[in-house]
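Open the model in your viewer and keep the selection panel at hand.

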Amino acid sequence: MSLAFSKIGVVGAGAMGRGIVQLFAQAGSSVVLHDTQPAAMQAALGHLKDTFAKLVEKGKIEADAAAQTLARISTGETLAAFAGCDLVIEAIVERLDIKQTLFKALEDVLSPEAVIVTNTSSLSVTAIAAACRHPQRVGGYHFFNPVPLMRIVEVIGGPRTDPSVLTRLSDLARGAGHTPVVCQDTPGFIVNHAGRAFGPESLKALGEGVTGYADIDRILREHVQVGGQGFKLGPFELLDLTGLDVSHPVMESIYHQYYEEARYKPSVIGAQRLAAGLLGRKVGEGFYRYSGGNVVADPTLQEAAAPAAPTGVRAWVARGEHQAGVRSLLEGLGATIDNGAQPSPDSLIVLTPLGIDATEASRGLDARRVVALDTLMPFGLRACKRRVIMTTPATEAAWRDRAHGLFAADGARVSVLRDSPGFISQRVLAMIVAVGTEIAQQRVAAPADIDTAVRLGLGYPAGPLTLGDRIGPSRILEILEGMHKVTADPRYRPSAWLRRRAQLGLSLLNDD
Ligand SMILES: NC(=O)c1ccc[n+]([C@@H]2O[C@H](COP(=O)([O-])OP(=O)(O)OC[C@H]3O[C@@H](n4cnc5c(N)ncnc54)[C@H](O)[C@@H]3O)[C@@H](O)[C@H]2O)c1
C-alpha cells in the first residue's frame with residue numbers, strides 16, 4: 001500500500017466517485033465520501049456493498065478483506081467530514097463554476113498542504129485551480145469508467161501545480177495497481193485528445209459518402225491488423241456505447257479549445273443525430289438499434305454477397321511498393337497478369353495508392369477500368385479477413401463487380417468504397433498517428449506515456465506513436481501528404497514531429 005496519502009476524501013457519489021472510492025478503499029486507504037444528495041451517497045454505498053459481495057462470490061477477494069474494505073469507507077453529510085484528509089478527489093457535475101465554488105469551499109476545511117484534484121474530463125484544471133488560494137496543491141486525476149477495471153489514470157499538472165504533488169499522486173495510483181501517466185493540462189489531456197481521430201475521421205468519411213457506417217465498422221475491426229490485432233469495436237459501435245450526448249460535446253469542446261483547429265473539426269452528422277436523440281445504446285437507438293442490450297439485426301446494414309469469382313480476367317498492376325505482391329495475389333485468385341508497361345485495352349487496372357484517391361492515382365490511365373486496392377494492411381492470398389477496394393466515379397460497374405468477385409475469390413470479405421483519399425483504414429490510422437504526434441510535439445507527456453495512455457485508455461491495438469512506427473513514419477507522411485494534396489484541407493497537414501522523424505529515419509517515439 002502506498003503511504004503517499006493517509007486519508008482520502010471523494011466528492012460526488014456518481015459513476016466515477018463510487019469507482020474511485022472502491023479503488024482506494026481496496027488498496028487500503030480510509031476514504032470519506034460526500035455528495036450534496038444524501039440519496040446518491042446511500043445508492044453509492046449500496047452499490048459498493050453489492051460489488052464486494054459479487055467479488056467474494058466469484059472468489060476474487062476474501063469475505064474478511066471485503067468487510068475490512070467496506071469498514072474503511074465512511075460518508076459525510078457536509079464538507080466538514082473532510083477535515084484531516086490529505087487528499088480530496090472531486091468527481092461532481094462537469095461545470096466550471098460549480099467545481100470552482102466547491103474547490104474554494106474545500107480550502108476552508110482542509111489544511112494548506114492537503115492536495116485537491118479534479119476528475120474533470122474536459123475542463124481546464126488550471127481554470128479550476130485559479131479559484132483557489134493555494135493553486136500549487138491543485139491537480140487533475142483523470143480516471144476512466146469503470147475506474148477499478150480501467151487501470152490507467154492521467155495525472156495532470158497545470159502551470160502552477162507543484163511537481164511533488166504529481167509525484168505523490170502517481171505513487172498513490174501505482175500503489176492501487178493503476179498506471180499513472182503524468183501530463184500537462186491541455187484540452188483533452190492525452191486520451192481524449194488522442195481519441196479525436198478514430199471517431200471524427202470515420203464520421204468525416206461517412207459524411208463524404210465513401211461507404212456506410214456499418215461497413216466502416218467492419219473495415220476498422222477486420223481490415224486493420226496491427227501486430228495481429230484490429231480495433232475491438234468499430235467507431236460507430238463505440239459512439240453508440242459512449243453515447244453521442246457525451247462524445248459530440250467532447251469533440252466540439254476540444255475543437256473550440258484549440259481555436260478551431262481543422263484537425264479536430266467535428267462532423268455535422270454527430271450534431272444532427274444528437275439533436276434527433278439518437279444517443280446510442282442508452283436510449284435503444286444510435287447508429288444501430290438495441291433491444292435488451294443486444295444489437296437488433298438490420299438487413300439493410302448486412303453486407304451484400306460478393307459476385308461470383310470471374311474467370312479469364314487479365315489484370316494490370318500499376319507500379320508501387322506492393323506491385324509484386326499484388327500481382328502474385330491476383331494470380332493466386334485466378335487472374336492472368338498483364339506485364340505490359342501500359343495496360344492492354346482489355347485489362348482490369350489495379351492501383352495501390354497511399355493517401356491519394358483512385359481518381360488522382362489513375363491519371364493517364366483509362367479510369368473506366370480502374371479499381372484501387374488498399375495495401376496498407378495485410379492483403380495476401382488467404383492471409384487476411386477483409387480486403388478494401390475503391391473505384392473512381394468513372395469506373396464501370398462491370399469492372400467494379402469483376403474486381404469485387406476476384407478479390408473475394410479466396411474467401412476474404414471485400415468492402416467496396418466510393419473514391420476516398422486514403423480509403424478508410426489509411427485515413428483513420430494516419431489521423432490517429434497525426435494527432436498522436438501533435439500531442440508529442442506539444443510535450444503534453446513523454447512519448448512512451450502517450451502510447452501507454454492511449455493503449456490502456458482507448459484499448460487501441462497500439463499507441464499512436466508505436467502504430468506509426470509499425471506502419472512506417474514515411475508511409476504515414478506520404479498518406480497525410482496525399483490526403484492534403486487531394487483535399488487541400490489543413491486537417492491533413494502532417495505535424496512537424498512526424499515530418500522530421502520520417503525525414504531523419506527516426507522512431508516516432510524518439511524525443512529530443
Ligand atoms: N462518466 C465517465 O465516463 C467519466 C470519465 C472520466 C471523467 N468523468 C468526469 O467525472 C466527473 C463525474 O462524472 P460522473 O459520470 O461520475 O457524474 P454523475 O452525474 O454520475 O455523478 C455526479 C455526482 O455529483 C453530485 N454533485 C453534483 N454537484 C455536487 C456538489 N456541488 N457537491 C457534491 N456533490 C455534487 C451529484 O449529486 C452526483 O451524485 C465529471 O467531471 C465527469 O466529466 C466522467
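Predicted model: local features only at pLDDT ≥ 70, side-chain atom pairs only at ≥ 80, totals over all residues.

Residues are numbered from 1 along each chain as its sequence is written, and side-chain values use heavy atoms, with hydrogens and water left out.

Next, show the backbone of Ile92 and Thr36. A polar backbone atom of Ile92 is 3.2 Å from an oxygen atom of the ligand, and one of Thr36 is 3.4 Å from a ligand nitrogen atom. The ligand taken alone exposes 850 Å², and the protein buries 72% of that (Shrake-Rupley method, 1.4 Å probe; for residues, only the protein chains shown count as cover).

Now select the shell around the ligand, 22 residues with a heavy atom within 4 Å of it. Met16, Asp35, Glu94, Lys99 and Ser121 are the closest. Helices α1 (15-26) and α4 (96-109) each supply at least two shell residues; helices here are DSSP runs (H or I, at least four residues) and strands are E runs of at least two, numbered from the N terminus.

Widen the view to the largest pocket, where the ligand sits (more than half of its atoms lie within 2 Å of the grid points). A pocket is an open set of points on a 1 Å grid over the protein atoms alone, where a 1.4 Å probe fits, with protein on both sides within 12 Å along at least five of seven lines; lining residues have an atom within 4 Å of a point. The lining has 49 residues, with Ser121, Asn145, Asn192, Thr242 and Val246 nearest the centre. Colour α11 (244-257): this helix gives the largest share of the lining, seven residues.

Finally, select Asn145 and Pro146: the peptide bond between them is cis, with omega near -5 degrees. Pro146 lies in the loop between β6 (138-142) and β7 (152-157).

Definitions and conventions:
Polar contact = N/O pair within 3.5 Å; in protein donor to acceptor, adjacent residues only side chain to side chain.
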